[in-house]
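Welcome, and please open your viewer. We will walk through the model one selection at a time.

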Amino acid sequence: MSEYNKCLPTTARPRGHRQVRRTQAERRAATRDRLLDATIDCIADRGYAAASTTEIVRRAGVSRGAQVHHYPTKAALVVAALDQLFAQRLVEFESAFAALPDEDRRPDVAIDVLWTMFQGRTFEAWLELTVAARTDRDLRARLIEVDKRFDEGVQESFQRAFPGAEANDMFDPAVAVRFAFTVLTGAALNAVVGDDTDAQEAIASLKFISNLLLPDAWRPST
C-alpha cells in the first residue's frame, strides 16, 4: 500500500481495499503464544518462585482474565510454556540436522546439535521447574507428563535422523537416546555450577561411544 493510501480515511480509500481481520481462533492463539513466551522469559530471568503470574501477564501484554481463561493456574501455565518450547526445539534440531551434508549426519554431529538444546533459556527454564517440582506435587505431576511427551518426541526424531537404526542384542536405540540425554543433562548442570572443561570431556566421551555403537551401515551413504 502506498504512503498516500495509508493516510486516507477508511471511507476514502480506493475500492477493493479490505483490512484483513484475524479470526477469534487466531487471536486466542496469539494470546497463548504471548503468554507462553513471556513465561519462559520470566522464569529464566527470575526463577520459578519469583515468576509471578502478575509479572508474566505484564510482560505478555494481556489481561489477567485472559491468562486465567487459558491457564487457570501457574503450574498449568509454566508447564504449557515448557511443553511448547520442547516441541519447538525438536523441530529446530531436525531442521538443523537435515540441512547438513550427508557425510556430516553422524551420531557425534547429532550430539553437537543436541548440545545446543541444553544451553540458554530452554535449559534454564527446565532446570528451574525441575527443582521447583521437588516440593510442588501439582507441578511435578504435570512436568512428568511433559518429560514423557518430550522423550517420545526425541525417540521419533532419532528414528527420522537415523532411519536404518534397529534394536539388536548389542544396541537399543531407546536406551541409547535416554543415555545420551542423561549425559548431556549432567554436562549442562556441571557447566552451570563448575568448570566447562568437565562438561566438554563428558560430551567428547559420549560422541566417542555413539560412533562405536552406531554401525556404519546405519549412516547415510556418501
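**The whole chain**

Start with everything shown as a surface: the protein chain exposes about 13,300 Å², and carbon and sulfur atoms supply 53% of it. Accessible areas here come from the Shrake-Rupley method with a 1.4 Å probe, and for residues only the protein chains shown count as cover.

This is a predicted model, in which local features need pLDDT of at least 70, side-chain atom pairs count only at pLDDT 80 or more, and totals for chains, interfaces and linings use all residues. Residues are numbered from 1 along each chain as its sequence is written, and side-chain values use heavy atoms, with hydrogens and water left out.

Now switch to a cartoon. The protein chain has ten helices and zero strands; helices (H or I, at least four residues) and strands (E, at least two) are DSSP runs, numbered from the N terminus. Of its 222 residues, 37% are buried, where buried means under 20% relative accessible area, exposed over 50%, and partly exposed in between (1.4 Å probe, protein chains only).

**Aromatic rings inside**

Next, show the side chains of Phe, Tyr and Trp. The structure holds nine aromatic pairs. Rings (for Trp, the six-membered one) pair if their centres lie within 6.5 Å; planes under 30 degrees apart count as stacked, over 60 as edge-to-face and the rest as tilted.

Select Phe 86 and Phe 150: this pair is stacked, 4.2 Å centre to centre, with 25 degrees between the planes. Phe 86 lies in helix H5 (residues 74-98) and Phe 150 in helix H8 (residues 137-161), so the pair ties together parts that are 64 residues apart in sequence. Both Phe 86 and Phe 150 are buried.

To see one aromatic cluster, select Phe 86, Trp 115, Phe 118, Phe 123, Trp 126, Phe 150 and Phe 181.

**A patch on the surface**

Finally, select Phe 179, Phe 208, Ile 209, Leu 212 and Leu 213, which make a nonpolar surface patch of about 500 Å². Helix H10 (residues 196-213) gives the most to this patch, with four residues. Where is Phe 208 placed? Look in helix H10. Phe 208 is exposed, with a relative accessible area of 55%.

Like charges are joined within 9 Å, and nonpolar side chains (Val, Leu, Ile, Met, Phe, Trp, Tyr) within 5 Å.

Notes
Patches are made of residues with over 30% relative accessible area and no salt bridge: like charges are joined within 9 Å, nonpolar side chains (Val, Leu, Ile, Met, Phe, Trp, Tyr) within 5 Å. A salt bridge is a side-chain nitrogen of Lys or Arg within 4 Å of a carboxyl oxygen of Asp or Glu.
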